[in-house]
Every structure is written in C-alpha cells, then in structure tokens.
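User: I would like to learn how to read a protein model, one feature at a time. Where do we begin?

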Amino acid sequence: MSGAGTKQPKRMKRADIAPFLRAISAGNPTPRTELVYSTPFTLLVAVVLSAQATDAAVNKATPSLFAEASDPDSMAKLGADGIARHIRSIGLWQAKAKNLAALSHLLIQRHGGDVPPDRDALEALPGVGRKTANVVLNEIFGHPTMAVDTHIFRLGNRTGIAPGKTVRQVEDGLIARIPKDMLRPAHHWLILHGRYLCKARKPECWRCPGAEWCVFTPKTQPPITQGQVP
C-alpha cells in the first residue's frame, strides 16, 4: 500500500497558472536577469560566481574583474590568482577563481572562445552545473529553460505550480505545466516574485497580485501599523 496516509501536496489548477504568471509579471513582459553583464561570456562568469551568493554581491565584484578580463583569453591569462583578487568578497571565491580560469581555457580550446548554445557543452565546463547552464541558455539563447534556484524551488512548492521534493522534480514540473509561450519569461518572473514578494520567511500575500490563484494557506496578513487595533 504505497502512499497510504501520505498527504499529497496541493497543486495549482493548470488553468490558473497562466493568470497567476500574468499577474506577477507586473507589466514586465521581457524580464532579464539582475546580474550585470555585456556579453555571453560575462554572463557565464557572473552566473558561476552567483552560486551561493547574491546577485548584488556579484554585481559589486565583477566591474573590476571585467575591466581587466572580459573575454576567455584575458581571463585565462589572468589566471586563478589574478581572478581571486577581484572576487574575495564572494563566497567560495577560491574554488570559483580556479573554475573561471579553467573554463576560460576550455572555451578557447573547445569552442573558439565562444559560449556554446548547448547544454552538454556548457555542463562540461568547470563550475557549470545544470542551473547555470539553464540561466545561460534562457538569457542568451532564448531557450525555454527553468533554472531552479532557492526562490523558484520555494515558489514551485508554495504556490502549487509544480510541487516537488527535489530541484529536478520542480524543474520538470514547471516545464510540463507552464504554458509553452510563457516558459522563458516565467523563469525570471518567478525569481523576482520570490526575491521581493513571496519571501522565504514570510510571504507578503497581502500585496501579491497572484494571491487569488495561489494554493498557499493561510495567506499572511498585512503587518499591524502603530496605533492600529489588531
């Protein structure tokens, strides 16, 4: 008797997914990553640096790095020690510096210095996992991918769009359930919604434009202001 007595997670109705996404898009039909970049290579570097670090922290470190090395050739010449000088404020900076130097060498050797538009080729680069590859494929090459970070994993489960116990389950569920024409921007809409409204500790349901379609209960109430009777 598999699953006997197991409480199944709530799922948002498939018909409610599109209106929910339209509501949280906040009039932003073509959203972009908040990482600052100018080329496919600088985006790849920024995404590698963003693992277990905030976009804001990465954006503070990369201007000086990119001023000295903004392409694979100059990054490879800079080397791990040279890269490390610029990124010490970012978590795991030592490993990331080594990875950036190594992936720059491989981009030159295998791809003529270009960032490949191919998942397998991207994931073969040091420091590049599935999530990083998904970000690059979505942002640069327009692929309808879903890079599941902590925000998207939380929203997939909390809102009921795509509940899952693992990152891959949530990713596969989102790709299967989100309308195909909304997949590419939905990646950014969900990240931004999780970052600024549907926060980890306390989702701000009282000001969420998609609350009526979300299965999360009980909805959080607005904070009591000074002088207000609870």
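This is a predicted model: local features need pLDDT of at least 70, side-chain atom pairs count only at pLDDT 80 or more; totals for chains, interfaces and linings use all residues.

User: What share of the contacts join residues at least 24 apart in sequence?

Analyst: Among contacts between residues at least 6 apart in sequence, the share is 57%.

User: How do I read the packing of two helices?

Analyst: Two packed helices are described by the angle between their axes and the distance between the axes. Take helix α2, residues 40–49, and helix α5, residues 93–111: their axes come within 10 Å and cross at roughly 150°. An angle over 145 degrees counts as roughly antiparallel, so α2 is roughly antiparallel to α5. The crossing of α2 and α5 is right-handed.

User: Which residues make the contact between α2 and α5?

Analyst: On the α2 side they are F41, L44, V45, V48 and L49. On the α5 side they are K96, L100, L103, S104 and L107. Sorted by class, this contact has eight nonpolar, one polar and one charged residues.

User: Why do residues three or four places apart point the same way in a helix?

Analyst: An α-helix has 3.6 residues a turn, so residues three or four places apart point the same way. Keep that in mind when looking at the α2 residues F41, L44, V45, V48 and L49, which touch α5.

User: Is α2 mostly covered or mostly open?

Analyst: Helix α2 is mostly covered, with nine of its ten residues buried. The buried residues are F41, T42, L43, L44, V45, A46, V47, V48 and L49. They pack against α3, α4, α5 and α7.

User: What about α7, and what covers its buried residues?

Analyst: Helix α7 is mostly covered too, with eight of its ten residues buried. These are T132, A133, N134, V135, V136, L137, N138 and E139. The cover over them includes α2, α6 (119–123), α9 (167–177) and α10.

User: Which residues have the most contacts inside the largest nonpolar core?

Analyst: That core has 36 residues, and those with the most contacts inside it are L44, L65, I83 and L103. Two or more residues each come from α2, α3 (55–68), α4 (72–87), α5 and α7 (130–139). The largest share, eight residues, comes from α2. Apart from this core lies another, of 23 residues, among them I17, L174, L183 and I191.

User: What does L44 touch?

Analyst: Not counting residues up to four places away in sequence, L44 touches L103, L107, V115, L125, V128, T132 and V136. Of these, L103 and L107 are also among the α5 residues in the contact with α2.

User: Is D55 buried or exposed?

Analyst: Buried means under 20% relative accessible area. D55, found in helix α3, has a relative accessible area of 14%, so D55 is buried. Leaving aside neighbours within four places in sequence, D55 is in contact with T33, E34, L35, S50 and R195.

User: How far apart are D55 and L92 in sequence and in space?

Analyst: D55 and L92 are 37 residues apart in sequence and 15 Å apart in space, C-alpha to C-alpha.

User: Which backbone angles deserve a look?

Analyst: Start with phi. Q52 has a positive phi of about 55° although Q52 is not a glycine. Q52 is found in the loop between α2 and α3, and Q52 is exposed, with a relative accessible area of 72%. L92 likewise is a residue other than glycine with a positive phi, near 60°. L92 is found in the loop between α4 and α5, and at 49% relative accessibility L92 counts as partly exposed.

User: Where is the cis peptide bond?

Analyst: A cis peptide bond joins T217 and P218, and omega is about -10°. P218 is found in the segment after α10, which covers residues 183–196.

Note on methods:
Residues are numbered from 1 along each chain as its sequence is written. Side-chain values use heavy atoms; hydrogens and water are left out. Axes are lines fitted to C-alpha atoms, for helices over the stretch in contact, and angles run from 0 to 180 degrees between N-to-C directions. Helices (H or I, at least four residues) and strands (E, at least two) are DSSP runs, numbered from the N terminus. Angles under 35 degrees count as roughly parallel, over 145 as roughly antiparallel, 65 to 115 as roughly perpendicular and the rest as oblique. A crossing is left-handed if the near helix is turned anticlockwise from the far one by less than a right angle, and right-handed if clockwise. Contact means heavy atoms within 4.5 Å. Ala, Val, Leu, Ile, Met, Phe, Trp, Tyr, Cys and Pro count as nonpolar, Asp, Glu, Lys and Arg as charged, and the others, Gly among them, as polar. A nonpolar core is a set of buried Ala, Val, Leu, Ile, Met, Phe, Trp, Tyr and Cys residues joined through side-chain atoms within 4.5 Å. Buried means under 20% relative accessible area, exposed over 50%, partly exposed in between (1.4 Å probe, protein chains only).
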